[in-house]
Structure formats: C-alpha cells, structure tokens
Amino acid sequence: MRLDYIQRVFFCAIAGLFAGLVSEVPMLIWFEAPLRHTLINLADHLCEWFLAGLAIAAFVPGREVWELMR
C-alpha cells in the first residue's frame, strides 16, 4: 500500500496542526492571550502547512507503508 498524494498533503497539514498547538497553546496558557487570537493563529498554521504540503507532496515520492514499519 502506497501513500498517495492527498495522504502526503494531509500528513503535512497534521504536522502544521501540531506545530500550531505546540507554539500557540502555551501563549494562551502562560501569557493569557485571547482565545480568538490563538484560534486564528492555529488556523494560520494549518493553512500554511496545507499549502506547503501541496508543493512538497508533488516532489516527495510515495513510500511503501510496510517499509516504514520495519
């Protein structure tokens, strides 16, 4: 089973969501940033990484899923 193009794009989008959570939620907790500000920045990270994933997935070849599990 190979990872197809859209799966590679969604992997990048999930990485962006993780990056947004790691960088923005501490600001919400520690510095009491407004929730609206945090949600907008999370959406910004998600959109940026999704668009970057569209370009990255076009150049990175798909790999066999079973190769990754070894």
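User: Happy to be looking at this one with you! Is the crossing of α1 and α2 left-handed or right-handed?

Analyst: Good place to start. In this predicted model, α1 and α2 cross in a right-handed manner.

User: How do I read the packing of α1 and α2 in numbers?

Analyst: The general idea is that two packed helices are described by the angle between their axes and the distance between the axes. Here the axes of α1 and α2, the latter spanning residues 35–59, come within 7 Å and cross at roughly 150 degrees. Because angles over 145 degrees count as roughly antiparallel, α1 is roughly antiparallel to α2. The residues of their contact divide into 18 nonpolar, 7 polar and 2 charged.

User: Which residues does A13 touch?

Analyst: Leaving aside residues up to four places away in sequence, A13 touches L46, W49 and F50. A13 belongs to helix α1, residues 5–30, and counts as buried at 8% relative accessibility. Its C-alpha atom is 6.8 Å from that of G53, although 40 residues separate A13 and G53 along the chain.

User: Now the rings, please. How many aromatic pairs does a search of the whole structure find?

Analyst: The search finds 1 aromatic pair. In general, a pair of aromatic rings is described by the distance of the centres and the angle of the planes. For F10 and F50, the ring centres are 6.4 Å apart and the planes are at 40 degrees, so the pair is tilted. F10 lies in helix α1 and F50 in helix α2, so this pair ties together parts 40 residues apart in sequence.

User: Are F10 and F50 buried or partly exposed?

Analyst: F10 counts as partly exposed at 46% relative accessibility, and F50 also counts as partly exposed, at 30%.

How values were computed. Residues numbered from 1 in each chain as written. Predicted model: local features only at pLDDT ≥ 70, side-chain atom pairs only at ≥ 80, totals over all residues. Heavy atoms only, no water. Helix = DSSP H or I, 4+ residues; strand = E, 2+ residues; numbered from the N terminus. Buried < 20%, exposed > 50% of the residue type's maximum accessible area, 1.4 Å probe, protein only. Contact = heavy atoms within 4.5 Å. Axes fitted to C-alpha atoms, helices over the stretch in contact; angles between N-to-C directions. Parallel < 35°, antiparallel > 145°, perpendicular 65-115°, else oblique. Left-handed = near helix turned anticlockwise from the far one by under 90°. Nonpolar A, V, L, I, M, F, W, Y, C, P; charged D, E, K, R; others polar. Phe/Tyr/Trp six-rings, centres within 6.5 Å; stacked < 30°, edge-to-face > 60°.
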